[in-house]
Amino acid sequence: MDSIGISPCPGERRDAFVTGLGCFRRLPDLDTRISRFQRMASGAVLRADQLIMDAAAGARILTAEELHEVLEHVARAGFDPNARERARGELAGLVWQGQVLRGSTLLPPAERHYVKHVLLRREWPAGTSLEDYLESARQTILNSGSSVFVSAYQGQWQLAVIGESGNWRGPHGNEFIVVEYRVETGHWTTVFQPRDMYTDFIRTAGRERVRWLRRRI
Amino acid sequence: MATTQDLIDFELDILNRALDGVLDLAEAGDEEPDTVRYHEMLVWNSDMSRLKLDLDPAYRRGQMTLEQQERYRVLLARLKDALPLIERLGFAKPQVSLEP
């Protein structure tokens with residue numbers, strides 16, 4: 001943001017910025033949207049994302065090769081490495097990388113998800129590292145036994161993969177791992193093990209236009 | 001090997017922390033990105049399933065210790081107080097009676 005000459009707005013909220021025209025509040029998703037726009041402008045966007053949107057709109061049925069291409073793309077996407085999320089009260093007091101987390105502590109999404117779902121909630125086995133957690137998501141996405149569907153949430157296209165947790169099921173884990181990817185951001189939005197797959201995840205409020213690309217459950 | 005009492009203690013702790021997180025999220029308003037709110041909504045759904053499928057049956061069947069019963073009643077009261085915020089966020093409401 002410094003490159004376009006804006007800086008934090010003194011005495012204002014952390015997402016407010018001052019420019020030559022005064023103080024403005026930054027949109028929460030602005031960095032992500034800019035990053036996404038830059039990727040699209042570079043031409044990198046993205047055949048795989050287009051395939052997802054075409055499939056979601058019912059404009060085409062993906063071939064096995066196309067679905068494989070999409071899932072490889074999604075497996076590579078990961079969480080947004082440039083974003084930061086507040087730990088919030090839920091994680092306050094936990095220790096991560098030698099630091100006692102406060103509600104205001106900012107973490108990359110991958111780390112926040114790991115602390116929440118592996119360290120706090122023990123959905124994955126004891127000893128699961130951050131890299132193990134991310135690898136379990138990648139394995140779920142690429143496993144031909146996983147189910148895949150596309151849907152819309154508040155107008156945003158998303159692709160979800162549901163796979164059996166198997167050896168990745170921890171002492172407080174559940175039967176399935178879910179990974180969800182949002183086309184607009186180009187990154188994962190969630191990786192966790194819901195208590196009740198249908199109620200908690202597939203049929204969640206606001207999810208629309210569900211279209212299965214591969215169904216194993 | 002975790003005992004039933006250990007599991008109940010764990011679930012009570014998770015649900016209380018989850019509610020802390022939801023209250024923070026409500027306070028943050030539009031500051032949090034939509035992706036964060038979406039993720040938290042899904043996990044809250046799962047927490048409400050824990051409440052309905054695990055904790056509440058344990059309470060109603062008398063499987064909790066006296067201390068756990070008291071913690072559970074406090075949790076129900078917190079949930080009841082938080083209902084307006086939960087509704088404002090558009091999150092799932094508890095599918096159990098909030099009356100002990």
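Residues are numbered from 1 along each chain as its sequence is written, and chains are lettered from A in the order in which they are written. In this predicted model, local features need pLDDT of at least 70 and side-chain atom pairs count only at pLDDT 80 or more, while totals for chains, interfaces and linings use all residues; side-chain values use heavy atoms, with hydrogens and water left out.

The size of an interface is often given as the accessible area lost when the parts come together. Here, chain A and chain B bury about 3100 Å² between them, with 49% of it on carbon and sulfur atoms (buried area is the accessible area, taken with a 1.4 Å probe, that two parts lose on being put together, summed over both). On the chain A side, Arg88(A), Arg121(A) and Arg195(A) lose the most area to chain B, together 21% of what that side buries. Counted by contact (heavy atoms within 4.5 Å), chain A gives 42 residues and chain B gives 31 residues.

Side chains of opposite charge can pair when their charged atoms come close. Between chain A and chain B there are 8 salt bridges, a salt bridge being a side-chain nitrogen of Lys or Arg within 4 Å of a carboxyl oxygen of Asp or Glu. In one of them, Arg88(A) pairs with Glu40(B), and the closest N and O atoms are 2.9 Å apart. The elements that give two or more residues to the side of chain A that touches chain B include strand E4 (85-86), helix H4 (88-91) and helix H5 (109-120); helices (H or I, at least four residues) and strands (E, at least two) are DSSP runs, numbered from the N terminus. H5(A) supplies the largest share of that side, 5 residues.

Gly89(A) lies in helix H4 of chain A. Leaving aside neighbours within four places in sequence, Gly89(A) is in contact with Gly103(A), Arg17(B), Asp20(B) and Asp24(B).

Within chain A, the axes of H5(A) and helix H6 (residues 130-142) come within 10 Å and cross at roughly 95 degrees (axes are lines fitted to C-alpha atoms, for helices over the stretch in contact, and angles run from 0 to 180 degrees between N-to-C directions). H5(A) and H6(A) are therefore roughly perpendicular to each other, a label that covers angles of 65 to 115 degrees. Residues of H5(A) including Tyr114(A) and Val118(A) meet Leu130(A), Tyr133(A) and Leu134(A) in H6(A).

Over all chains, the structure holds 24 salt bridges. Glu69(A) forms one with Arg47(A), the closest N and O atoms being 2.8 Å apart. This pair links distant parts of the chain, with Glu69(A) in helix H3 (residues 64-77) and Arg47(A) in helix H2 (residues 47-57), 22 residues apart.

Notes: Angles under 35 degrees count as roughly parallel, over 145 as roughly antiparallel, 65 to 115 as roughly perpendicular and the rest as oblique.
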